[in-house]
Amino acid sequence: MSLLLHRPTTAAVQGVSQVATLECRHRIAKFRSLLQQTLQEAEGADKQTLRLWLVGAASRLPNVDSSRVWRRLACLLPAGGHCSKLSKTCSLQLLQLVCDANPAKVGHLLCSNPKIVRHFFQDHPQHISTWFQSSYVRSISEFKNGAKALAQYALLHRAEMWELLVWQGKHAQAPVAVAAKPHYFSELNVNKTIRNILTHHPEFFASEQFLGSLSDGTVTALDRAYFCQKLLELLVDEDADVRSAIRSCVIEQPFRLICHRVLHHLDDASLLNFLNGILGQSYSQRQLHQLASTDVSPSELPMERALWASQQLEQCLQLLVFGCVSWREMNSMSMHVALASHHPQLQRAFQASDRHQELCKVANVLCESSSAAVFWALLSEDARESDSCMYHTLLLGLWAVQTTIFQKLALPQQQQLQFLTDNSISASVSLSAQHALLRPAKRRKSHKHKRRKSHKRRRRSLPEDWMPSSGSAEEEGMSDSDLGIMAIDHDHQVSQSNASWQIQLASPVHMNVNASTLELPSVLLYNVIMNWLVTLERPRSGLAP
């Protein structure tokens, strides 16, 4: 079985018949169909979960062009006075983000539209005391929020304002007394006072003093949903300032924050349009070229190189899925993201599927040594159609290799080593993981009580999913040793799964890697994709030396 590591010659690729290429295309299509069907039936991989994985994978993307993000989000905002349900939801989420990330921008918008705040206190009087009450200290300049604005404005316009102030004490306070002792404002009945001002002197809410209290945007914390709804109404009316505030926020904030706030609310079509090629095809191809040119790990420690290889693999898959391929269906994109980011979790569900055997069979055929030239001929044909088509085929071939890797690494250790040797990969396993620790079970004593006690002790050392089989041996009190059976040492199973592999990669990256059993598939897949990318850097006509 081959990992398609060797690069077929130009003559071999050009000598592939059209019939063989067509058969390979049909086989790739069948493998893709089996992947989708198996994924749909896999436990814990429903449509909602796949969406969550997709958004989560997108939020981890580095170096996303913020101007591209804004252009795609701008298409979801209201336009021409029309606001769809999707536009409303998306806009409200972005406005919430503006309020959280840069409330001063919202404060500036409210200063330009003070009637929004005036109507807020008119319609929601329960918030009056929160905004206009303060810890009244010696200086008015130290008052907080609306209390400072009210005190300054009332003293400055006492001829029009003082009779509107309602005091809680036995008598009203004179302006002179309050100016000398500002803490007298603590005797003010704030709720009745503001209601009077709303009715008889609304000019206060457009005053310099009151607008100054709005400038930092803190007022939006009183009712975030209300202010976002009012700003949305301005946005629908094509207010340029609101749109500019959203744009500035989108460009300034990290992409992961945009993903978590907005993408969960998009329908499938909008989510696909937003994420399709979000990294940019030209940028992604340049990055892949750079990765293919990197032939040395930055770390001198073999134990750290496995992590480096896994990170390089993740970066390659991000570029391929979110940059190089133009997806036509949401299901197809989410499937590739799931296979790229959650394949170890899916592998157990795949193995329980009725289609798993057929899936592995098709993958094995695609990975045969004799299929290498045909596969590269197919890539060459797709490259003439479009780069996106070629990279899509490359990804499907990569999943076939990944399926084969997981299948072969589930075999006994000797067969795993043979599989790696057949692919010109030098590998060995640390001695501590090679010992087969099978031990005889203790013989049960004849006394019934002792026999039951011994049975309980032994069961605690077995795996949780072990169940005793019913039969005459158990009924007669015979031990495993009596039957010539070796009891499994569960502690050794754990150590074997954590075996340390020494892998020597020769092409295209020359390095020694120490990898655990869990890290080994990523290291091998990294080696495969690096070989492929190096090959793709050659002239597209032959895709081979």
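The model shown is predicted, so local features need pLDDT of at least 70 and side-chain atom pairs pLDDT 80 or more, while totals for chains, interfaces and linings use all residues. Residues are numbered from 1 along each chain as its sequence is written, and side-chain values use heavy atoms, without hydrogens or water.

**View A. Arginine 32 meets glutamate 329.** Their side chains form a salt bridge at 3.9 Å, N to O (a side-chain nitrogen of Lys or Arg within 4 Å of a carboxyl oxygen of Asp or Glu). Arginine 32 sits in helix 2 and glutamate 329 in the loop between helix 19 and helix 20, so the pair ties together parts 297 residues apart in sequence. Helices are DSSP runs (H or I, at least four residues), numbered from the N terminus. Glutamate 329 is partly exposed at 43%.

**View B. Aspartate 100 pairs with arginine 224.** In this salt bridge the closest N and O atoms are 2.3 Å apart. Helix 5 holds aspartate 100 and helix 14 holds arginine 224, so parts 124 residues apart in sequence are tied together.

**View C. Here is arginine 51 in helix 3.** Arginine 51 is buried, at 12% relative accessible area. Its contacts (heavy atoms within 4.5 Å), leaving aside neighbours within four places in sequence, include Leu263, His264 and Met330.

Notes. Helices (H or I, at least four residues) and strands (E, at least two) are DSSP runs, numbered from the N terminus. Buried means under 20% relative accessible area, exposed over 50%, partly exposed in between (1.4 Å probe, protein chains only).
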